[in-house]
Amino acid sequence: MIDKNIQPAKENDLLRSLSSLKKHIEISSFPESMIDVWKSSNGIYHDNFVYFSTDEISERNEVFETGIYAPGYLVIGNDNGSRVALVKVGCDCCEVYLNYMGDMLPVSMDPTGMSLTDWVDEGCPLDFDIE
């Protein structure tokens, strides 16, 4: 079972988060499916995986230096270990990619083959083979 934050994100949460992210990543808007997830639950915790809330996402992407090592991508969560989940910024498909924090380069990312919506509905699986 997925543990969801009790409160959905509000419009001002989304605007504040987007404004903060613009300082670290070239992003003009969140993918619609990210907004849909946040409006359902502003943060998800499942099997050690954290789908970042609107309050967490900017700080996490700054710490991971996503704009430097994975330009054009946004880290949306991590497994509290070495792996992160990312989506491509400005892409309507919003496919989820998995990668290791030590090698954030896009060439090393493994596509899950799942849209963000499907991936969240499936419980944020991390059991894909990543080499």
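A nonpolar core is a set of buried Ala, Val, Leu, Ile, Met, Phe, Trp, Tyr and Cys residues joined through side-chain atoms within 4.5 Å. Buried means under 20% relative accessible area (1.4 Å probe, protein chains only). In this predicted model, local features need pLDDT of at least 70 and side-chain atom pairs count only at pLDDT 80 or more, while totals for chains, interfaces and linings use all residues. Residues are numbered from 1 along each chain, and side-chain values use heavy atoms, without hydrogens or water.

**Core**
- The largest nonpolar core has 40 residues, and Phe30, Met34, Tyr51, Leu74, Leu116 and Trp119 touch the most other members.
- At least two residues of this core come from each of helix H1 (11–21), helix H2 (32–40), strand E3 (49–51), strand E4 (73–78), strand E5 (83–88), strand E6 (95–100) and helix H5 (116–121).
- Leu116 touches Ser33, Met34, Val37, Tyr51, Ile76, Cys94 and Val96, leaving aside residues up to four places away in sequence; contact means heavy atoms within 4.5 Å.

**Fold**
- The chain has five helices and seven strands, taken as DSSP runs (helices H or I, at least four residues; strands E, at least two).
- From the N terminus, their order is β-α-α-β-β-α-α-β-β-β-β-α.
- The C-alpha trace spans about 40 × 35 × 25 Å along its principal axes.

**Burial and charge**
- Of the 131 residues in the chain, 48% are buried.
- The chain carries 9 positive (Lys and Arg) and 23 negative (Asp and Glu) side chains.
- The centres of the two sets lie 9 Å apart, with each charge placed at NZ of Lys, CZ of Arg, CG of Asp or CD of Glu.

Methods: Buried < 20%, exposed > 50% of the residue type's maximum accessible area, 1.4 Å probe, protein only.
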